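Please walk through the model below with the sequence at hand.

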Amino acid sequence: MNRTIYCGLVDESYFGQEVCLKGWVQKRRDLGNLIFIDLRDREGIVQLVFSQEFGPEALEVADSLRSEYVIEVKGKVVPRDDDAINSKMKTGKVEVEIHDVKLLNKAKTPPFYIENGINVSDDLRLKYRYLDLRRPEMQKSLITRSKITQAIHRYLDENKFIDIETPYLTKSTPEGARDYLVPSRVYPGHFYALPQSPQLFKQLLMGAGFDRYYQVARCFRDEDLRGDRQPEFTQIDMETSFMTAEEIQDLTEGLLQRVMKETLGVEMTLPLPRMIWNEAMDRYGSDKPDIRFGMELTDMADAVKNVDFKVFKTILEKGGQVKAITVPNGAEKYSRKDIESKQEYIKRFGAMGLAWLKVTENGFSGPIAKFFKNDVENIKKAANASVGDLILFVADKRKVVADALGYLRTSIANELDMVDKTKFAFLWVVDWPLFEYSEDFHRYIAAHHPFTMPNEEDIDLLSTDPHKAHAQSYDIVLNGYELGGGSIRIHQREIQEKMFKALGFTKEKAEDQFGFFLDALDYGFPPHGGLAIGLDRFAMLLSGKDNIREVIAFPKNSKASEPLTDAPSTVAQKQLDELHLDTTEE
RNA sequence: GGUCCUAUGGUGUAGGGGUUUAUCACGCCUGCCUGUCACGCAGGAGAUCGCCGGUUCAAAUCCGGCUAGGACCGCCA
């Protein structure tokens, strides 16, 4: 018999009706000659009642049912007595009197409860992922993810975007992240690479005249994992021809607005705020600031430059920064010990120490307060601090100051519950530096990627002072996460060649790696630009999770392995032979 | 590549050299129970304390190594 309806959707409109339900036994409550069973499917849970009067045989079967058994039942939907209504359940006003039950499959006792908020290791959850995914919150997260992609497909289709697939087996490029390599059987010693993103292909599609392209594209990067990073992840990849950066941003805002509306019912006001990269770094110490709370960084150089405190003086003389954040009412909340543990933490960003002052009725307190006796008002004013506040100073190179104070700002805001968790704070960060210096390679590398268009007025800097150049690039930030990013691309060979040169490529190397692309630019390539949104992070944030594993059906663990299938694994010698591969022991 | 943390019945935990026959809760099994929904009641089973080695009269407990997992730095154009 066909299923009449999902368990979670049985309501008053079914009163008196005969229904057939199929699902998993959530819980059996056996009162002897009366048995209640909660039956679960993807839409929720409904209570089944078994007793002699509804079906003696069904009652007998119900006696043998256990958690996670799969059953099919037939019965009548009835209202519950007033005193039996369960207001905690969506289906709490109804129950189904069962006269017929069929056992479809038995189940072992699962290693953890199939319910929300379980407290077990991720390792165990991943090993039994098919059970983990039965849990309502996991179903909800993956359904939210599906709603997001569906809303995106609709919006981009309505806006004349064409969905085009690009290859997964492609050419390795040394720039950027480490590639996942796939050995070629046909060409000994040759390898494909899995794409880090479809970047060049989508640009070529612009060259081909498709004008608006998009793809829900899997990307692969062989780098170490984090809570918001998996070796394979999904991007909403877009590219358009003939549009300015602002036009692309507007179009993207429309997309985000649509997604927020259709998945969470949240209305979003446009346009979104835009902040230049420099300002984000200065005010928040981050290129992806969480603007749901204040506690911004303040420059303390002027206020402390005449103070006889050697640490600050030396740093300022060497051209470094002295900046601070002021923790509202932080003097009481943070003990000396708490602050010392923060100091310990920020050492990993290269900070030498963490100076602090507590603002009291009569000046400052704290180990270094004595140095600032004569500058209390100045410093309070510069830090915008009042009695009861805690001022945290970091003095160092710009990057260290930004990293350390940026971290302190967000960690303290979370500890003091200053973050409005119901908010979705989107923000564009624009005008990024084109290059950054790599300590590893001892040269400049592309901050975004080598195809990013410099600002028009900075093009000449490519040959003279590349590090001063800024880019026509933009990141979309949500609640302190980099949600996506894009740029206007270079569409003229001459500029692209200058770019490669600035990156330290020889002509031969540029030709070898990207010759096919340079050639393409010769054949009437349109101006173009685009953007990619990290779908996993987006789904994570809209599901209120703090790890993208929660919105990926079968993710890798933090060591890049998959406990369920036990990948990666060794392979047969024959396979290696076919691929002309030899392996060495560690 | 580096730093830090964790490992005890199915699950989550207590115990930090000998009062241990290893604590508690949930789960599981058996029986009883017609209005439960954290059902209740009575009883029961279930652990070579991650692995290897060392210290010691004695190690779940202390030390070292290994393995597995987690967080972070580097890395992630």
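This is a predicted model: local features need pLDDT of at least 70, side-chain atom pairs count only at pLDDT 80 or more; totals for chains, interfaces and linings use all residues.

The charged end of arginine 348 is placed over the ring of tyrosine 345, 3.8 Å from the centre of that ring, where a charge sits over a ring if NZ of Lys or CZ of Arg is within 6 Å of the ring centre and within 35 degrees of the ring normal.

Rings of Phe, Tyr and Trp (its six-membered ring) pair if their centres lie within 6.5 Å, and the pair is called stacked with planes under 30 degrees apart, edge-to-face over 60 and tilted for the rest. The structure holds 21 aromatic pairs. One of them joins phenylalanine 309 and phenylalanine 312 in an edge-to-face arrangement, with 4.8 Å from centre to centre and 90 degrees between the planes. Phenylalanine 309 has a relative accessibility of 8% and counts as buried, as does phenylalanine 312 at 2%, where buried means under 20% relative accessible area, exposed over 50% and partly exposed in between (1.4 Å probe, protein chains only).

Phenylalanine 309 also pairs with phenylalanine 371, this time in a tilted arrangement with 5.0 Å between the centres and 45 degrees between the planes. This pair links distant parts of the chain, 62 residues apart: phenylalanine 309 is in the loop between α8 (301-304) and α9 (310-317), and phenylalanine 371 is in the loop between β15 (363-365) and α12 (376-383). Phenylalanine 371 is partly exposed, with a relative accessible area of 33%.

Strand β15 leads on to an open sheet of 5 strands, ordered β12-β13-β16-β14-β15 with antiparallel pairing; two strands pair if DSSP finds at least two bridges between them. Because β12 (298-299) and β15 stand at the edges with a single partner strand each, one side of each is left without a neighbour in the sheet. Within this sheet, β13 and β16 pair in the antiparallel sense over 7 bridges, and isoleucine 325 has leucine 392 in β16 as its bridge partner.

Which residues of α7 (residues 277-284) are buried? They are Trp277, Ala280, Met281 and Tyr284. Seen down the axis of α7, these buried residues fall within an arc of 105 degrees, so they line one face of the helix; the arc is that of the directions from the helix axis to the C-beta atoms. An α-helix has 3.6 residues a turn, so residues three or four places apart point the same way. Just after α7, glycine 285 takes a positive phi of about 65 degrees.

Asparagine 384, in the loop between α12 and β16 (390-396), has a positive phi of about 55 degrees, and asparagine 384 is exposed, with a relative accessible area of 65%. Aspartate 431, in the loop between β17 (426-430) and β18 (435-438), has a positive phi of about 65 degrees and counts as partly exposed at 23% relative accessibility.

The backbone also contains cis peptide bonds. The bond from leucine 270 to proline 271 is cis, with omega near 0 degrees, and proline 271 is in the loop between α6 (245-264) and β11 (274-276). Another cis bond joins alanine 567 and proline 568, with omega at about -5 degrees, and proline 568 lies in the loop between α16 (535-542) and α17 (573-578).

How many disulfides does the structure hold? The count is 0, with a disulfide defined as a pair of cysteine sulfur atoms within 2.5 Å. For cysteine 7, the nearest cysteine sulfur is that of cysteine 20, 9.8 Å away. Cysteine 7 is buried at 0% relative accessibility, and cysteine 20 is buried with a relative accessible area of 0%.

How values were computed
Residues are numbered from 1 along each chain as its sequence is written. Chains are lettered from A and ligands numbered from 1 in the order in which they are written. Side-chain values use heavy atoms; hydrogens and water are left out. Helices (H or I, at least four residues) and strands (E, at least two) are DSSP runs, numbered from the N terminus.
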